[in-house]
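These are my notebook entries on one structure. I record what I looked up, entry by entry.

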Number of protein chains: 2
Amino acid sequence: MAARTSNKTSESLDKVSVICRALRRAIIEQALEPGAKLPEDSLGERFGVSRTIARHALGQLAAEGLVELRRNRIAVVATPSWQEARDAFDIRIELERLVVRQLAGKLTKAQIAELNAHVDAEDRARGSTDAVSIRLATEFHILLAQMTNSPILVRYVSEVAYRCCLTLSLFSRPHSTECAINEHRAIIAALGKGDADKVMELMHHHLDSVANRALVAPTPQRGRDLLDILAPYADEVTSERVVKLTKVARRG
Amino acid sequence: MAARTSNKTSESLDKVSVICRALRRAIIEQALEPGAKLPEDSLGERFGVSRTIARHALGQLAAEGLVELRRNRIAVVATPSWQEARDAFDIRIELERLVVRQLAGKLTKAQIAELNAHVDAEDRARGSTDAVSIRLATEFHILLAQMTNSPILVRYVSEVAYRCCLTLSLFSRPHSTECAINEHRAIIAALGKGDADKVMELMHHHLDSVANRALVAPTPQRGRDLLDILAPYADEVTSERVVKLTKVARRG
DNA sequence: CGGGTGTCAAGTGCATGCAATTGGAGCGCT
DNA sequence: AGCGCTCCAATTGCATGCACTTGACACCCG
């Protein structure tokens, strides 16, 4: 239009949601621990955007319960209490029972293959860090939810699963993923057979046992540099400004 | 501190959430119909804030699913499809079964009195408009959720209930509230007796029947003036700027 | 030496300004 | 008339600037 149409701005993938995704991942992978401070301008610097955008992203994450926003104070990664964690799991159990009830016997071959492929990935990642395993396990559940084709259900399952993920990072012990993988396989099998009650029972037990393992004390370790922590996550943001600013940063 | 501490800004009750509340109410009372446009600056004018704030509020409401945000386009009130409405009710049923399961037999006398008082209010409002009845009925369910003392559960029940409210406004017929009030009373009674299974069944049936009534055709009526529609809702915003701007507005 | 107090930098809350995008009105061409 | 084009007003996307709040440190006084 008018004079010229710059093809530079055509990326358009909404900076806010990009930052949300990055932060979400950093949080559930425990790169950002519960209680970690998230000052708007540090975020803005790291991701190459203004405070306005960083602020907006924090608002979204707060709505999801991953971030705590206190008026006139620096935002922090949410630190769910034990009770809140338990509540989240209770809700999650109900939601995911609904998911598998809707899915039982209705999956295509391709979908079952996709699920199996994901569990294979979980298997392969068994050598990786705890946080990565937890993230993959969480993504399995989200993948299931997506197959319901119910955007609302996907949203709620994702949110509550991320929340649970957050608390798992806090409380759980290393070996917890081991058996979960088998349980994932069992769920897939039961879904294929179409026995709704059976798969609901499996899912219930699966989540309940994961939750029950989360009864150990937390392991605090605060205080790393925000800019360092976020470095790998900022790479995903495709903008020359990031690079430029990354050099300057370092004023923590 | 320093020179002076202006006591003017001490109100501090977070403009964003005030606007969210106002818009939420306007939406679920059908003052703003699904599809209604919500331009940032009109909102800002009406509520006496800048676009920044209005925008942020829209973001929150979008996260709740009440508003649809399209890139570079005017935001609109969400228009849930019939399928989405059904999905929302399915989720809601599970969540509220959880609520009453947790509550059965554990309510204090005072809480039961509070619930009864609310239903009395619903009774009294039977003469009012449909939208008001629907809102009150919805608030009954939210009140229940709040009694679980689980902030997460409150949030999800509220959200999904508002969503359902939105679709009810779209699809439902006048008489639908009549019997719902009796069902509310029955639920309170069963909660008092402490029979968890019974009250879960009651709640399930209650929500299911409400949902099943929502099968009639929508009644479109678009096109009123945003500034007029919002007038009664803007009154809640305590700021002299609102008054000033209200006179100027009118540039639709 | 301890507790109140002044000062200040870091950070948030919000408004405003500017560039880019969009939808549509007007206009010409067929 | 119908179709496409250009241009413009309305509106969003985003950065920046300024006022206010908060927490911390140094300072002073008892």
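This is a predicted model: local features need pLDDT of at least 70, side-chain atom pairs count only at pLDDT 80 or more; totals for chains, interfaces and linings use all residues.

Residues are numbered from 1 along each chain as its sequence is written, chains are lettered from A and ligands numbered from 1 in the order in which they are written, and side-chain values use heavy atoms, with hydrogens and water left out.

**Entry 1: chain A as a whole**

I looked up the elements, where helices (H or I, at least four residues) and strands (E, at least two) are DSSP runs numbered from the N terminus. Chain A has 11 helices and three strands. I read their order from the N terminus as α-β-α-α-β-β-α-α-α-α-α-α-α-α.

Of the 252 residues in chain A, 51% are buried. I then turned to contacts, meaning heavy atoms within 4.5 Å. Among those in chain A between residues at least 6 apart in sequence, 78% join residues at least 24 apart. Chain A exposes about 12,500 Å², of which carbon and sulfur atoms supply 53%; accessible areas come from the Shrake-Rupley method with a 1.4 Å probe, and for residues only the protein chains shown count as cover.

**Entry 2: the sheet of chain A**

I asked in what order the three strands of the open sheet lie. The order is S1-S3-S2, with antiparallel pairing. Strand S1 (37-38) and strand S2 (67-68) are the edge strands, each pairing on one side only. Two strands count as paired if DSSP finds at least two bridges between them. Two bridges join S1(A) to strand S3 (residues 75-77) of chain A, and A:Lys37 stands opposite A:Val76 in S3(A).

**Entry 3: a salt bridge within chain A**

I defined a salt bridge as a side-chain nitrogen of Lys or Arg within 4 Å of a carboxyl oxygen of Asp or Glu. Over all chains, a search of the whole structure finds 30 of them. One pairs A:Glu29 with A:Arg135, the closest N and O atoms being 2.5 Å apart. A:Glu29 lies in the loop between helix H1 (15-28) and S1 of chain A, and A:Arg135 lies in helix H6 (residues 130-146) of chain A, so the pair ties together parts that are 106 residues apart in sequence. Is A:Glu29 buried or exposed? A:Glu29 is buried, at a relative accessible area of 15%, and A:Arg135 is buried too, at 11%.

**Entry 4: where chain A meets chain B**

The contact takes 30 residues from chain A and 30 residues from chain B. The two chains bury about 2,600 Å² between them, 55% of it on carbon and sulfur atoms; buried area is the accessible area (1.4 Å probe) that two parts lose on being put together, summed over both. In chain A, the residues that lose the most area to chain B are A:Glu94, A:Ile152 and A:Tyr156, together 24% of what that side buries.

I counted four salt bridges between chain A and chain B. One of them joins the side chains of A:Arg155 and B:Glu159 (2.7 Å, N to O). The elements that give two or more residues to the side of chain A touching chain B are helix H3 (51-64), helix H4 (82-103) and helix H7 (151-171) of chain A. H4(A) gives the most, with 10 residues.

I also looked up B:Glu94 and A:Arg101, whose side chains meet in a salt bridge (3.4 Å, N to O). B:Glu94 lies in helix H4 of chain B and A:Arg101 in helix H4 of chain A, so the pair joins two chains. B:Glu94 is buried at 8%, whereas A:Arg101 is partly exposed at 38%.

B:Arg155 forms a salt bridge with A:Glu159, with the closest N and O atoms 2.8 Å apart. B:Arg155 lies in helix H7 (residues 151-171) of chain B and A:Glu159 in helix H7 of chain A, so this pair joins two chains. B:Arg155 is partly exposed at 24% relative accessibility, while A:Glu159 is buried at 8%.

How values were computed:
Buried means under 20% relative accessible area, exposed over 50%, partly exposed in between (1.4 Å probe, protein chains only).
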